[in-house]
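Biologist: Can you walk me through this one? I'd like to start with the pocket.

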Amino acid sequence: MSATPPTTQAAKGAKSPLSDRSRSEQRLGWKLAMPAFIVMVLVTGYPILQAVWNSFFAYRLTDPDNRRFVGLNNYLVSFTDQVFWSAMWMTVLVTIITVVVELVLGFIIALVMHRIVLPRRTLRTLVLIPYSIITVVSGFTWLYAFSTGTGFVNQWIQWMPGIDANYNWFGGFWSSLFVISLSEIWKTTPFMSLLLLAGLAQVDTSMEEAAKVDGASWLQVLIKVILPSMKAAVMVALLFRTLDAFRIFDNIFIMTGGANDTSSLSMLIYRQTIDRTEIGLGSALSVILFLCVLVIAAVFVKAFKVDLAEGRG
């Protein structure tokens, strides 16, 4: 009993310098990160706060002196406008369709790139070609491909019986949604496949071999070994693509311009802010879009229960 107190004191004495050093390193870390933190607040935080402030006023860019405080009226106007809910429906629909299809296709492509041995670098380069093309260019490409009369898609399907060779793909909501989603999927599936490929590289191959030795089929290995090991990678891929898809703008602007109820939230913000110069209403819509993106990010992190530290691990 008499030996315990000196041992405890010695341990405390040995721990104290380490704690001081740890605190010193933490302070040094904060000092080094402070310039980047200040820049981040100025670059990202100030525009957000400015948008929130502007959303409480009613004024036009062409008449900035006539500025009236209206409180939450811009939000009430947005929520009671049928155009807003139409844009929200289009945004949600495009997000769900594109992210689900891209996840499946991206995983298949990632599996092929992971398993194939010989032309691996060549295959990865070829897969990345659509993602390297500017969205505006890819949008115009798909627009011309599905154009009535001159598009090669109608020329191809004219050989099929019972199908109108001059079908107007951009004349209705669902056909426009199909082409817009197809363009999004074609361009961003490579991004999804690369993120999933990184997750596949982290899968412990010894666990796969052990499962196969125990008699597990390929599907069982996929479901019970590979996918759980890729949980963090799948979460990151879904999070990034969902946030990106929820802000869809380019392809809709190029292909339909928002006609046939195909306008997205970003498109609606553009119309209110740039075309109609309604700064207050456009700011309110921007804040709503920002909150939607924030909720999506929170839901993903909560649902998968994976923190960033685990994802990096």
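Modeller: By class, the lining of the largest pocket has 14 nonpolar, five polar and two charged residues. Here Ala, Val, Leu, Ile, Met, Phe, Trp, Tyr, Cys and Pro count as nonpolar, Asp, Glu, Lys and Arg as charged, and the others, Gly among them, as polar. This is a predicted model, where local features need pLDDT of at least 70, side-chain atom pairs count only at pLDDT 80 or more, and totals for chains, interfaces and linings use all residues. Residues are numbered from 1 along each chain as its sequence is written, and side-chain values use heavy atoms, with hydrogens and water left out.

Biologist: How much space lies in the largest pocket?

Modeller: About 440 Å³. A pocket is an open set of points on a 1 Å grid over the protein atoms alone, where a 1.4 Å probe fits, with protein on both sides within 12 Å along at least five of seven lines; lining residues have an atom within 4 Å of a point. Grid points are joined across faces, edges and corners, and the volume is the space filled by probe spheres set on them.

Biologist: Which residues are the closest to its centre?

Modeller: Ile48, Ser286, Leu289, Phe290 and Val293, out of 21 lining residues.

Biologist: And which helix gives the largest share of the lining?

Modeller: H1, with eight residues. Helix H1 (4–54), helix H10 (231–246) and helix H13 (279–304) each supply at least two. Helices (H or I, at least four residues) and strands (E, at least two) are DSSP runs, numbered from the N terminus.

Biologist: Switching to aromatics. How many aromatic pairs are there?

Modeller: The structure holds 19. Rings of Phe, Tyr and Trp (its six-membered ring) pair if their centres lie within 6.5 Å; planes under 30 degrees apart are stacked, over 60 edge-to-face, and the rest tilted. Phenylalanine 84 and tryptophan 85 are edge-to-face because their planes are at 80 degrees, with the ring centres 5.0 Å apart. Phenylalanine 249 and phenylalanine 253 are stacked, at 5.4 Å centre to centre and 20 degrees between the planes.

Biologist: Is phenylalanine 84 buried or exposed?

Modeller: Buried, at 1% relative accessibility. The cut-offs are under 20% relative accessible area for buried, over 50% for exposed, and partly exposed in between (1.4 Å probe, protein chains only). Tryptophan 85 is partly exposed at 41%. Phenylalanine 249, at 23%, is partly exposed, and so is phenylalanine 253, at 37%.

Biologist: Which residues form one aromatic cluster?

Modeller: Trp142, Phe146, Tyr167, Trp169, Phe178 and Trp186.

Biologist: What sits over the ring of phenylalanine 57?

Modeller: The charged end of arginine 67, 4.2 Å from the ring centre. That label needs NZ of Lys or CZ of Arg within 6 Å of the ring centre and within 35 degrees of the ring normal.

Biologist: How do strands E1 and E2 run?

Modeller: Strand E1 (residues 57–60) and strand E2 (residues 63–69) run antiparallel, joined by three bridges; strands pair if DSSP finds at least two bridges between them. E1 and E2 form a hairpin with two residues between them. Arginine 60 has aspartate 63 in E2 as its bridge partner.
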